[in-house]
Amino acid sequence: MAQESADLASDCQSWLQKLSAWEQASSEETQKDTCLHLSGFQEFLRQMYEILKEMDSDAILERFPTIGQLLAKACWNPLILAYDESQKIVIWCLCCLMNKEPRTSAESGLNSWIRGLLSHVLSAFRFDMKEVCLFTKSLGYESIDYYPSLLKNMVLSLVSELRESHLNGLSTQSRMAPERMMSLSEVCVPLVTLPDMEPLVEALLTYHGHEPQEVLAPEFFEAVNEAFLSEKIVLPTSSVVSLWFRHLPSLEKATLHLFEKLFSSKIICLRRMECCIRESFLPQAACQPAIFRIVDEMFRFVLLETDGAPEVLAALQVFTSCLVEALKKENKQLTFALRTYFPYGAPCLAAALSQHPEAIPQGHRLQPLLHISQLLREAVEDCTRGSPRNPFESWFLFVHFGGWVDLAVAELLLREEAEPPAGLLWLLVFYYSPQDGSQQREQSMVELKVLINRLLMLLRSGPLSATDLQEAAESPSGDPRPPVCGQLVRRLLLSLLLWTPEGHAIVWEAVTHGPTFEITGPGCCPRIWRSTRPQHRPRAHLCCTEMAHTDAVIHEIIGFLDQTLYRSQHLCVEASRKLARDLLKELQAQV
Amino acid sequence: MEPLVQQTERFSELLAVSCGSLVSTWDAEKVRRALQWARYLLHVYRRFAGRGRVREALERRLPARGGPLGLRSFAALESGDARLALRLLRNRALAPAAARALPSLLFPGPAADHRDDVPQSRLVLLARRGSALRLLCRLGGDAPRSALLRTHAELLDARLHELGGADSAAARKLLDTLWTRGPREHVLDVTAEALLLREEDPEPAQATDPAGADETQKLLRWLLESPEVLAAFCRHLPAKRLASVAGCHHALSRAYLDLLTTWATRLHYDLQKGAWVPTQMEDMPWEELCLRLQSLCHAQPFLQEEVLVTLRSRKALDGDFEVPGMSIWTDLLVVLECGIVLE
């Protein structure tokens, strides 16, 4: 408390000097400088109030001798009084300064002075024309009667001026000059959270002039964006989209804001994720290709930084789903439009991926899967058409549409053919190990094929048990570094358990039977985009590693179950969904 | 009902007292109870705002008690506590103990942010709106003036509404007072704005509101029955503005046209200059007369027709001369017809 108080005393002196500087010069530069510091000053006021409210007047004046001057200067600065909650906190600080039991004329004078400041703050505006005041007085009105309607009418007048400017935009003489537009947007910076200002803020955001350069102040966009993201104001979709389209830093902040919301929770819940994404307005804004590119680029960056973290992949897929839905609402031709949004992928690949997997009837799903697999393989491995593209580009495009992987797993496990199609094997191996070279991938496909055949044989040979599954999933050779990614193995096992009647019988046993999903042991999943050296750990720490890994596996299973419930309505019957819900509830209780 | 009216009347008296020297006997407890009283009446307002009979009963009796410093309307109950707060803050006669307690009674702090029983939120919003107005007015341009006129027109309209539909004498008295106290040019501007209020209102339901029409009719009647005001109105307002108002009110357009023709008769033809000139200094010059008639023609088709019919009938009475300089009506018609052709 003492240290904090000392810091505030120093801050108090610093802010007093700045307020004095602002007071002496009322130029545009001063206004800009003030606006830049409004947020910081408000935070300072808030901290100051937290201290002052615990002190009496004498103690305050002793510890902060200049507090009175500082508050007085704040009271005479309309930018501060107009900004967010600053006027409220200034008032609270003044109330703290009141001497509850004045004993001297100086102390009584202080109280009188404070009341005068409060009165001034509450009557901060007066028209300069005295005759105008005479009119309202003759009618019997006070400022409290006409402030609201006067402000409303001021806003309406400015909006009308803007609209007339817009309508007359075709003429060489615009009604509102660019300089005035700039000034207007600058004045609005401290006012964006005032509800009365909403029509003007919206009009400015959606104003389309004919000047080659942006005529609104970047500080205005930043202020609106900050207020919108902190939910202090509500804006229609069109205004938000316009804001982000005209001021890309705001779009980046909005996207980061969404990421913080999505990834702050340890538990992945796709429904909740979907709600967050929809409420962010970003899918609607991303219907603009230029906006989509930026948001998508940020997703790409996060994927690379997190080495393809499951929650990021899930978020990307939900976002893409919301975007497709928003595009449909705009009546855009989806197939053609997606080429604009994914220019780095082959056009036919984007078109193929944009089909809804759930729209394809059962029994006809293999062909589009094989088609997608072929297109991806050509893009990644085929050297005859020039140098192969960076595998990440194709993989990044592919993972936008996660439903296809679900379909591929289902086709492999529920098929009736004797041999799993090579295209499906390739697709799954590529999804989970995209950085592998073609030779490594071929080997992984062989191993995957063997695994699937073993699982299916086991399925048809009589009652299942968790131990049987575990043994089938392990490599007979006992290779400590099996080529098939552990995540893929676990996904196959879980899908088998959830989607087949035989699996239903033992799913609880399998989930509670620890070794079942500890298929490949610690360090089984190499990082998607970084090579991982084998790590030899001291034997004494092995238990800790296994424990941590067990938690990671549980989280992975939870994610899979949640995804199943979110997306797999077309893949499994209600019994499977109920089972998934029960399992999910059980596992979430354990975490 | 009656107790409610009495409560309101007594608060109105209290409000009137809050500006004066009697507050020197108030203690903190009395201030607290006064604010509680205001809060109670705020709830009354919210409950009965939509009930016409109760509201009318209260509005009839409020102006009689408390005088000009008390509650002037039922709507004022909504801001009774804020109004009381402002008056007490400004009143140096308030007793010391009450004055010390007043700030914390008005602004308890963050815990009261969402409480409706203290005026903190409403007062803070008032402060913020005032500062916002100050910033926006710095921009200059037409917006401040335009907003002020519209606001004053709305206030005038509300006041006329409060006077009731039957009491035209009270409305006339109010308007005469405004005219007498001035500033007269501002009163005329506000009058014009008020006459345009409903025509500019985008909501069609209000356009057919009989209660709303009453205020406009009161204002219009006063204007038409006050020759001095009407003459100033028709002379002071810009031609285009006046044409807009006239286009919305037929009676006014006829009166305006009558005045224009009367002013036209005061011009005489100067043979040496070859132009129509005012007889006296204060008479309307020829150029302005032409401009106003042209504006009327452009405002509404029916106005154009009326102007032309009026001028042609006057021309006929003058003998239907076609030569310039013989009849002002002939020359005015030439100007208007040339303007039409050019347009």
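A:Trp244 touches (heavy atoms within 4.5 Å) A:Asn225, A:Phe228, A:Ser250, A:Leu251, A:Ala254, A:Ser280, A:Phe281, A:Leu282, A:Ala285 and A:Ile291, leaving aside residues up to four places away in sequence. This is a predicted model, in which local features need pLDDT of at least 70 and side-chain atom pairs count only at pLDDT 80 or more, while totals for chains, interfaces and linings use all residues. Residues are numbered from 1 along each chain as its sequence is written, chains are lettered from A in the order in which they are written, and side-chain values use heavy atoms, without hydrogens and water.

A:Trp244 also belongs, with A:Phe220 and B:Phe233, to the residues that touch the most other members of the largest nonpolar core, which has 301 residues. Such a core is a set of buried (under 20% relative accessible area, 1.4 Å probe, protein chains only) Ala, Val, Leu, Ile, Met, Phe, Trp, Tyr and Cys residues joined through side-chain atoms within 4.5 Å. Helix H18 (residues 310-329, a DSSP run of H or I, at least four residues) of chain A supplies the largest share of this core, 11 residues.

| Item | Value |
|---|---|
| Contacting residues, chain B | 60 residues |
| Contacting residues, chain A | 68 residues |
| Buried area (accessible area lost, 1.4 Å probe, summed over both) | about 6000 Å² |
| Carbon and sulfur share of that area | 68% |
| Salt bridges (Lys or Arg side-chain nitrogen within 4 Å of an Asp or Glu carboxyl oxygen) | 3 salt bridges |

A salt bridge joins the side chains of A:Asp145 and B:Arg83, at 2.7 Å from N to O.

How values were computed:
Buried area = accessible area lost by both parts, 1.4 Å probe. Buried < 20%, exposed > 50% of the residue type's maximum accessible area, 1.4 Å probe, protein only. Helix = DSSP H or I, 4+ residues; strand = E, 2+ residues; numbered from the N terminus.
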